[in-house]
Amino acid sequence: MKHLLSAAAVLLATTSLGHAEGTLQLFNWGNYTSPELLAKFEKETGIKVTVTDYDSNDTALAKIEAGGHGFDIVVPSANYVPIFVEKGLLQELDLTKLPNHGNIAPEWQNVDWDAGRKFTIPWQWGSTGIAVNTKVYGGDIHTSAVFLEVPAELKGKINVVPEMNDIVNLAVMYAGGQPCSEDTEVLKKARDLLLAAKPDWISMDYGATEKLSNNDWAASVNWNGSTMRARLANGDVAYGYPKEGYPLFMDSAGILKDAQNVEEAYKFLDFVMVPENAAMISAFARYANGIAGSEAFMPEDMKTAPEVVIPEEFKASGVFLPTCAGKSQEYITAIWTELQK
């Protein structure tokens with residue numbers, strides 16, 4: 001999902017939030033929206049898109065719940081879509097206004113987090129793993145021990161992205177549990193691992209792409225597309241898939257219940273589902289997308305990239321995080337709150 005302040009936000013954030021004919025307010029993960037896509041959309045439709053960035057699902061949810069935000073579209077991850085729906089924050093889509101809806105690939109049409117794709121369309125999907133500068137650390141990178149039992153070479157040089165459910169559930173899986181576990185022994189072990197490891201981290205920051213590229217950090221819990229972008233700029237960066245278990249995600253775009261530029265929002269969602277346009281997002285952010293036919297337009301280097309094509313031996317360890325609820329989410333939130341102190 002994701003990384004650094006979006007160039008699109010800097011270039012396009014020139015209009016005030018709210019309704020204005022021919023404008024659209026997109027609330028999206030930072031450094032995740034292709035400026036070329038936005039330029040093409042504006043040229044074809046005359047609609048000006050302003051992008052505002054966020055760094056986590058919880059940040060986005062809190063901002064939307066507070067009201068008065070002026071945004072039209074938001075892009076939550078799979079495990080947060082049901083929360084947005086349950087809280088009444090998303091509109092049910094009028095599929096008659098989305099003629100390209102049929103371009104959604106079959107495997108992404110009827111998903112657990114949005115049955116029948118009634119509220120969202122695919123944006124990008126990928127995984128959360130471990131990015132490491134192999135010149136600094138030559139050990140096993142396919143393990144969450146890299147950030148939970150930090151090797152000497154990486155102490156004070158490793159970042160952890162600020163995405164609560166990803167980080168806590170990585171620790172839970174490392175401790176032998178399953179995502180959204182209510183096993184208090186497993187949760188205590190995960191909590192203890194995180195709290196013991198935190199002094200060895202340099203930061204809990206979102207902007208991994210540039211800092212890995214520039215050798216400001218030697219490692220980070222990070223998303224695969226961001227890591228690929230870092231590797232293209234710095235060949236020493238490699239991506240690890242924790243064998244103990246790691247999260248898969250799909251970020252999906254939906255129209256907010258209080259959107260003021262609804263027709264413009266529909267035009268944008270439909271535009272994103274054109275295969276060539278979906279591939280433009282992937283070419284920029286370096287994640288796979290959920291639109292059939294986009295493969296023909298994808299960059300050649302993504303077709304075999306180890307960050308995009310999950311190696312066979314690590315496929316079984318990836319899991320889409322469910323929407324944690326009840327005691328599980330209470331424990332996760334409590335662990336995360338303690339980790340922020």
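Predicted model: local features only at pLDDT ≥ 70, side-chain atom pairs only at ≥ 80, totals over all residues.
Student: Is helix α11 largely enclosed or largely open, and how many of its residues are buried?

Tutor: Take residues 275–285, the 11 residues of α11. The buried ones are P275, N277, A278, A279, I281, S282, F284 and A285. That makes α11 largely enclosed by the rest of the structure, because the buried count is eight of the 11.

Student: What do those buried residues of α11 pack against?

Tutor: One partner is a strand, β4 (120–133). The others are helices: α2 (35–45), α9 (224–233) and α10 (262–272).

Student: Which residue follows α11, and what is its phi?

Tutor: Step off the end of α11 and you land on R286. Its phi is positive, near 75°.

Student: How are α2 and α10 oriented to each other?

Tutor: Their axes lie 11 Å apart, and the packing angle is about 120°. Angles of 65 to 115 degrees count as roughly perpendicular and those over 145 as roughly antiparallel. The pair is therefore oblique.

Student: Which residues make that contact, and how many of them are charged?

Tutor: From α2 you get L37, L38, K40, F41 and E44, and from α10 E264, K267, F268 and F271. Five are nonpolar and none is polar. The charged ones number four.

Student: How many of the residues of α9 are buried?

Tutor: The buried set is N224, G225, S226, T227, M228, R229 and A230. Their cover includes β4, α8, β7, β8, β9 and α11. α9 is largely enclosed, because the buried residues number seven of the 10.

Technical notes. Residues numbered from 1 in each chain as written. Heavy atoms only, no water. Buried < 20%, exposed > 50% of the residue type's maximum accessible area, 1.4 Å probe, protein only. Helix = DSSP H or I, 4+ residues; strand = E, 2+ residues; numbered from the N terminus. Contact = heavy atoms within 4.5 Å. Axes fitted to C-alpha atoms, helices over the stretch in contact; angles between N-to-C directions. Parallel < 35°, antiparallel > 145°, perpendicular 65-115°, else oblique. Nonpolar A, V, L, I, M, F, W, Y, C, P; charged D, E, K, R; others polar.
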